[in-house]
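Dear colleague,

Please find below the structure that I am handing over to you. My notes on what was found in it follow directly after.

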Amino acid sequence: MKIVVLDDYQGVARELGPFDTLTGDQVEVLREHVDDQDELVEALRGAEVVVAMRERTAFPAGLFDRLPDLRLLVTTGMLNAAIDLAAAAEHGVTVSGTVMSGSAKSSNTAELTWALILACRRHVVAEDRALRNGRWQTTLGTDLAGSTLAVLGLGRLGTQVARIGQAFDTRVIAWSHNLTPERAAEAGATWVPREQLFADADVLTVHLKLSERSTGLIGAPELAAMKTTAILVNTSRGPIVDETALVAALTTGSIAGAGLDVYDTEPLPAGNPLRGAPNTVLLPHLGYVTEAGYRTMFQQVVEDIAAWRSGSPVRVLTA
């Protein structure tokens, strides 16, 4: 059986996943992202099993038409908006996922969120570059203690970030469409109206799921309502923030900076204006990228394949 693992950027799939237990199978690992669909079809020709890393490669309805040998599609995570699950079912393709658990589930994205917050507030990247170029102390940092941390989306990740904010002695406020004052209080935050969330924020951090309701939720009006000293941090999904409006806000100085781990198009294209925007810290979607997290994902990928081969697929995703 031919198995193809897509988008293994770091080249760690074989090291962290027990693929050698799949005796007799041909396992191919592609480290480079294949953006062109014709090239992707050629790369997957003859593959009965394909492993997709998160949403790096899309599987729209039309692609299933061109992959007649595909029988199992494994995605890391239990949600993947880039896979047309209905089309997979129509073509007889089982789709299985993986479940993050333990310390990796509870900490990885929240930790990276705070890495971006601290990097932006204390100009870590700018000062590192300045020091390497022979300069010393070129910026003034901004204290977190006594500032207002605004959390947009107070689910599991937002709650993690909010609780860390309390340790930094910040005032934590929160809003989302379904958030109640009682639920906010349970997380150590104060519920505020939507408009106040943007107006009061010294740090605005985004933790919403991408949906029709959240796409473009932060646009030019919301950015204009923020303080000129405020920063925006997004470790959720790129399209929640209007990229054009964000670039304009950063360029004109209507907000002080941004720390981003997610983008409309990933990998971030070479000509994207965000690459040249001032006062930014840009990371390549690292929120979930930790050794513990990857080890869990690839272990379960192999479990999914073995279970499917035995006729009892597990962690099956349906439309």
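Val-247 touches Pro-273 and Leu-274 once residues up to four places away in sequence are set aside, contact meaning heavy atoms within 4.5 Å. The place of Val-247 is in helix 11, residues 243–252; helices (H or I, at least four residues) and strands (E, at least two) are DSSP runs, numbered from the N terminus. With a relative accessible area of 16%, Val-247 is buried. The cut-offs are under 20% relative accessible area for buried and over 50% for exposed, with partly exposed in between (1.4 Å probe, protein chains only). Between the C-alpha atoms of Val-247 and Thr-159 there are 28 Å in space, and 88 residues in sequence.

Please note that this is a predicted model, in which local features need pLDDT of at least 70 and side-chain atom pairs count only at pLDDT 80 or more, while totals for chains, interfaces and linings use all residues. Residues are numbered from 1 along each chain as its sequence is written, and side-chain values use heavy atoms, with hydrogens and water left out.

Overall architecture

The protein contains 12 helices and 12 strands. Its radius of gyration is 21 Å, close to the 20 Å that the globule rule gives for 319 residues, so the protein is as compact as a globular protein of that length. The radius is taken over C-alpha atoms, and the rule is 2.2 Å times the number of residues to the power 0.38. Along the principal axes, the C-alpha atoms fill a box of roughly 60 × 50 × 35 Å.

Of the 319 residues, 48% are buried. Among contacts with a separation of 6 or more, 63% are between residues 24 or more positions apart. The protein exposes about 14,900 Å², of which carbon and sulfur atoms supply 51%; accessible areas come from the Shrake-Rupley method with a 1.4 Å probe, and for residues only the protein chains shown count as cover.

As regards charge, the mean positions of the 27 positive and 38 negative charges are 5 Å apart. Lys and Arg count as positive and Asp and Glu as negative, while His and the chain ends are not counted. Each charge is placed at NZ of Lys, CZ of Arg, CG of Asp or CD of Glu.

Helix 12 covers residues 291–309, and its 19 residues reach 27 Å from the first C-alpha to the last, close to the 27 Å expected at 1.5 Å a residue. That expected span is 1.5 Å times one less than the number of residues. The buried residues of helix 12 include Tyr-294, Phe-298, Val-301, Val-302, Ile-305 and Trp-308. Helix 12 is followed by Gly-311, which has a positive phi near 90°.

Ala-319 is found in the segment after helix 12 and counts as exposed, at 80% relative accessibility. Beyond its neighbours within four places in sequence, Ala-319 is in contact with Leu-85 and Ala-86.

Ile-3, in strand 1 (residues 2–5), is buried, with a relative accessible area of 0%. Its contacts outside four places in sequence include Leu-22, Val-27, Val-49 and Val-51, and also Ile-305, one of the buried residues of helix 12. The C-alpha atoms of Ile-3 and Glu-48 are 6.4 Å from each other, at 45 residues apart along the chain.

Thr-109 belongs to helix 5, residues 102–121, and is buried at a relative accessible area of 10%. Neighbours within four places aside, Thr-109 is in contact with Leu-157, Thr-235, Gly-287 and Tyr-288.

Backbone features in the loops

The peptide bond from Glu-266 to Pro-267 is cis, with omega near -5°. Pro-267 lies in the loop between strand 11 (257–260) and strand 12 (280–282). Asn-279 is also found in the loop between strand 11 and strand 12; this residue has a positive phi of about 55° although it is not a glycine, and it is exposed, with a relative accessible area of 52%. Arg-54, likewise not a glycine, has a positive phi of about 50°. Arg-54 sits in the loop between strand 3 (49–52) and helix 3 (61–65).

With kind regards
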